[in-house]
Amino acid sequence: MRGVRWISVAALAAAAGCGAGNLVLHVDVLSFLDPAATQASVGPLVAVPGGLYTGEQPMVDDKSISLLEGLSGAAEVRSVSIRVSTIAADSTGSGSDTLRLYLSDADTPPRSTPPVLTQAIDLRPGVTDTLELEFGAEPRVAALFTQRRMRMALTNSLRGPASGPDLNCTVRLRALDAVVIAGRKLP
Amino acid sequence: MRPFMLCICLAVLVVPLGPAFCQTFNARRMAMGGVVIGGGGPAGQTSNVAYRAVPAPSGGATELTLPLGLIPLLANPPSLDPDDSDFNLFELANLLYNPPWNLQLIAHDAPANDISIAIARDRLAVDLGEIADVFPADRSRSAGVQHGPALTLGMRGAFVSASPLVQYDNDLSLNEALRRALRDGEPFTPNTGYAMFDRARGQAAMSAEFGWAGPLVARGADARAADGTALYVGARAKLLRGLAYGDADNVVAFSTADTLFASDPVNLDYRALLRDAGPAGGRLGRGLDLGMVWLWRGAEFGIGVNDIATRIDWRVRESLAYTDSTTGEFTQQVLRDGVPITSEVPATVTVNAAVRVGGVLVAADAVRGAFRTAAHLGLETWRGPVAFRAGGGIDLNRQAQFSGGLGMRLGHFGVDLALATHSRNLSRERGLELGAGLALYH
């Protein structure tokens, strides 16, 4: 989006030109996803000794996200924090789920990179949990937010009950935000 | 930051503002609100050619201002290297906007707030904080005509002179959508066109001038005396030779799609019709200045109109600049060469008056330039060897400004100090400056 690129470059120039000012980029990553892909309904998973394991199932297999152009040449990312909020609603049975978020550059399949986030969720019968997680991203991930495009994938891996009722649950991604703080790039 | 981007940013920052209230390079005038003090003799002829014939008042002075503002600048020069961590784009822009002649006692720091950009699939909002003040609430127009120092030869009322002339004007505006997004921080919205329009023009020429100024009516031995009266008129014909010309009619625009961050990029459409000429493309021009000064019982009234029907002929190169919709690269294509055009130098009208009320000199003026009018009022009174001065005016940002100062005379020599407020900064906030000058009394 070249028009937006100029806005970002002008904004960065203004911020960086002032010395102390930072460019603070708030990215609502969740908004780029199809709402249907942000939740998974699972079940029934029957109880077996050791629990039935679904393996890693893609909720979002490979999604391209358009961001601002022009930041990578002018901005130096100082920090990126990512906030994830999930709601796990367990109607019957117990088990666990593991959400994994992958982010990569435009040329790399996201799931070929290490997950940015691995979030374990305990599923208890009749309990709805809201889990919030906020963490600082490593430099590789931070740099992605200054690119024009990045790719993401979201998976979950369920383990069913070892005994008792079948597991029926819904896991929904409620928020996925990134806050990027960038300053002027100096040699 | 690349030099090109640096230039663009500086241009974007400085061009919209224009000279809010021209810096006064004369401590006496500065203390009196920047008012035109007609005086008399050749020094007063710039704004009103008739002043050339008006006798200077007794006790008049030749004044030399001191560049106090250069001291801190030389002691702590700004970084011009964009890769330097001390580099500050806003300080540089303010420096261009407000040349460091007077000492800035209250100067506004460059905005240091964070800039926030919020991105979602269908939402883009940019919060520039204090920096948003750089963008004008409405269209921003600025213009100026600068006459350089003149070499003049005169005999009786007639004179010939030569001087350089530089004229520029700029008209910048954002469409409603872009203005709201940048200045008011409203989110960019889908299916919306955003555009910035800028019309800029600059020209330089050498001017050979032929004129006459003299009394039309004079009664009494001293026209400035309480019982004296005189009417002076002047005319100055100009023969101009164009040296450089450039104008640009720029449009920068982009439109958002159904989804702001869709996969298809939205092109930034830049189009400009450019016309330029160097000395070889300059042709002759002509113009006229007229002035009148009336001295009546100690009061003084003047009206000067410069650049009446001033025109310069050019042979320009006409080209189209645009961003290639496929590659996104900047391209300039020459359409025609040697295109005849005639440029205009806008007229400037200066009306001024001065009257002595008791021991107080009261002076006022109004100056109508290409786009706007500025007005000033100044007072001066002497108590022994000390002059007390005060003044004020409405500047081109439509803000009231105030000033005051002192003058001290010792024999033929004097010192003037002036304090004045102004809004010559990017955010148009009030600043305070100190000016100083030396005076040689006649």
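# Questions on a predicted model

Me: Does B:F254 count as buried or exposed?
Reply: This is a predicted model, in which local features need pLDDT of at least 70, side-chain atom pairs count only at pLDDT 80 or more, and totals for chains, interfaces and linings use all residues. Buried means under 20% relative accessible area, exposed over 50%, and partly exposed in between (1.4 Å probe, protein chains only). At a relative accessibility of 6%, B:F254 counts as buried.

Me: Which aromatic pair is stacked, with 20° between the planes?
Reply: Rings of Phe, Tyr and Trp (its six-membered ring) pair if their centres lie within 6.5 Å, and planes under 30 degrees apart count as stacked, over 60 as edge-to-face and the rest as tilted. The structure holds seven aromatic pairs over all chains. The stacked pair with 20° between the planes and 5.3 Å centre to centre is B:Y194 and B:F254.

Me: How many residues apart in sequence are the parts that this pair ties together?
Reply: B:Y194 is buried too, at 2% relative accessibility, and ring pairs link B:F188, B:Y194 and B:F254 into a cluster. B:Y194 lies in strand β8 (residues 193-219) of chain B and B:F254 in strand β9 (residues 229-255) of chain B, so the parts tied together are apart in sequence by 60 residues.

Me: What is the bridge partner of B:R286 in β12(B)?
Reply: Two strands pair if DSSP finds at least two bridges between them. Strand β11 (residues 282-296) of chain B pairs with β9(B) in the antiparallel sense over 13 bridges, and there B:L239 stands opposite B:R286. β11(B) also pairs with β12(B), antiparallel, over eleven bridges. In β12(B), the partner of B:R286 is B:R311.

Me: Which side chain forms a polar contact of 3.0 Å with that of B:S319?
Reply: B:S319 lies in strand β12 (residues 299-323) of chain B and is buried, with a relative accessible area of 0%. Contact means heavy atoms within 4.5 Å; not counting residues up to four places away in sequence, B:S319 touches residues including B:L274 and B:V334. A polar contact is a pair of N or O atoms within 3.5 Å; within protein, one must be able to donate a hydrogen and the other to accept it, and residues adjacent in sequence count only if both atoms are side-chain atoms. The side chain joined to B:S319 at 3.0 Å is that of B:Q332.

Me: Where does B:D307, with its positive phi of about 60°, lie?
Reply: Most residues other than glycine have a negative phi. B:D307 has a positive phi of about 60° although it is not a glycine. B:D307 is buried, with a relative accessible area of 1%. In chain B, B:D307 is found in strand β12.

Conventions
Residues numbered from 1 in each chain as written. Chains lettered and ligands numbered in written order. Heavy atoms only, no water. Helix = DSSP H or I, 4+ residues; strand = E, 2+ residues; numbered from the N terminus.
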